[in-house]
Amino acid sequence: MNAAVRIAELERQPDAVSLERPFIAAPRRVALRTSGRKHGPITRLISPSDVGALIKPFVFLDHGEVAPAAQPLFGIHPHSGIATLTVVLSGELLYEDTTGKKGSVPTGGLEWMKAGKGVWHDGAVAPGDPMHFYQLWVALPASQESAPPESQYIPPESVQEDGPVRVVLGRYGRAASPIRAPEGLNYFHVRLSDGERWRYVPPAGHSVAWLSVDRGTLYSPETIREGVLAVFEESVAPIELEAQGTTSFVFGSAIKHPHPLVLGNYSVHTSAEALAEGEAEILRIGRRLRAEGRL
């Protein structure tokens, strides 16, 4: 296939990977970067009260590597109004939630907990290797924030790929996520070899975009090093990246969440009324767990 035909083919694809052509003019630039705050083996990169307010619906992100221990990783705890999503990069996650599900997520798998009107869940690192992971919170739209909770646990073989992209949420090229997430958001795990380029053309309306480098270094054209979260300027322009060394990162884009973030201790809602409803359901489930000796 000659170069002209190859370029034309890529430009017909809404989310294309380009490893051959040079960067086009004026790609989207980085507006903010942070290394977050460390809490032992976990780094908090996004919180709803800081970066999350800028890139909503992505309102929270932890990145860490945790060794197996006698105590649970987080302990049983509640959420409402959000969905939590854990990407297991290596190791294995043990889970249990109050929808009645219990099991494990191995390397490459995903844990999706759509808390809705209220849920409690627990997580621990399985015996053996440390667990290397990202955990994201997504603010739910008003139409879903008080819906019944729903959890999905996705095995690694069910995570679809297109080129260097594993599709965690949304769609990319020929690949789609099995997770029943709200419309208007994409979340990927991307792996590039040294010198490999990736060009992302956002879907219509995806003015929010960010990435977090797990391993290696990216050139954007600014340098984004390992451990750094970079937020791109709000626009619908493409994003151009080049790997310096073998590089692994997570990448999110979305239509911006149009509602204020009304915060509880473990919850994010669009209004004080919805937060009160979620907290009441959390308390109700908590009383049941205490009666069962779980708390």
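# Reading pockets, cavities and salt bridges

Biologist: What is the volume of the largest cavity?

Modeller: In this predicted model, the largest cavity has a volume of about 60 Å³. A search of the whole structure turns up 2 cavities of 30 Å³ or more.

Biologist: Which residues line the largest cavity?

Modeller: Its lining is made of Phe-74, His-77, Thr-86, Leu-93, Glu-111, His-121, Asp-122, Gly-123 and Gln-135. By class, they split into 2 nonpolar, 5 polar and 2 charged residues.

Biologist: Which strand gives the most to that lining?

Modeller: That is strand S10 (residues 119-125), which contributes 3 residues to the lining of the largest cavity.

Biologist: Thanks! Now for the pockets. How much space lies in the largest pocket?

Modeller: A pocket is an open set of points, whereas a probe in a cavity cannot get out. Here the largest pocket holds about 260 Å³ of space. It is lined by 15 residues, and those closest to its centre are Arg-44, Phe-60, His-79, Trp-137 and Tyr-266.

Biologist: Which strands each supply at least two residues of the lining of the largest pocket?

Modeller: Look at strand S4 (58-66), strand S5 (77-79) and strand S11 (131-139).

Biologist: Let's turn to salt bridges. How many does the structure hold?

Modeller: To call one, look for a side-chain nitrogen of Lys or Arg within 4 Å of a carboxyl oxygen of Asp or Glu. The structure holds 14 salt bridges. One of them joins Arg-29 to Glu-222, with the closest N and O atoms 3.6 Å apart. This pair links distant parts of the chain, 193 residues apart: Arg-29 sits in the loop between helix H1 (3-12) and strand S1 (30-34), and Glu-222 in the loop between strand S19 (208-219) and strand S20 (223-224).

Biologist: Arg-44 came up at the largest pocket. Which residue does Arg-44 meet in a salt bridge?

Modeller: Its partner is Asp-62, at 2.9 Å from N to O. Arg-44 lies in strand S3 (residues 42-46) and Asp-62 in strand S4, so the pair ties together parts 18 residues apart in sequence.

Biologist: Are these two residues buried or partly exposed?

Modeller: One of each! Arg-44 is partly exposed, at 27% relative accessibility, whereas Asp-62 is buried, with a relative accessible area of 2%.

Biologist: Where do Glu-96 and Arg-294 lie in the chain?

Modeller: Glu-96 and Arg-294 form a salt bridge, their closest N and O atoms 3.5 Å apart. Glu-96 is in strand S7 (residues 93-97), while Arg-294 is in the segment after helix H3 (272-291), so this pair also links distant parts of the chain, 198 residues apart. Glu-96 is partly exposed at 25% relative accessibility, and Arg-294 is partly exposed at 32%.

Biologist: Which residues are linked in a network of salt bridges?

Modeller: Find Glu-161, Arg-166 and Arg-191 in the structure: salt bridges link them in a network.

Methods
Residues numbered from 1 in each chain as written. Predicted model: local features only at pLDDT ≥ 70, side-chain atom pairs only at ≥ 80, totals over all residues. Heavy atoms only, no water. 1 Å grid on protein atoms, 1.4 Å probe; cavity = no way out; pocket = protein on both sides within 12 Å on 5 of 7 lines; lining within 4 Å. Points joined across faces, edges and corners; volume = space filled by probe spheres on them. Helix = DSSP H or I, 4+ residues; strand = E, 2+ residues; numbered from the N terminus. Nonpolar A, V, L, I, M, F, W, Y, C, P; charged D, E, K, R; others polar. Buried < 20%, exposed > 50% of the residue type's maximum accessible area, 1.4 Å probe, protein only.
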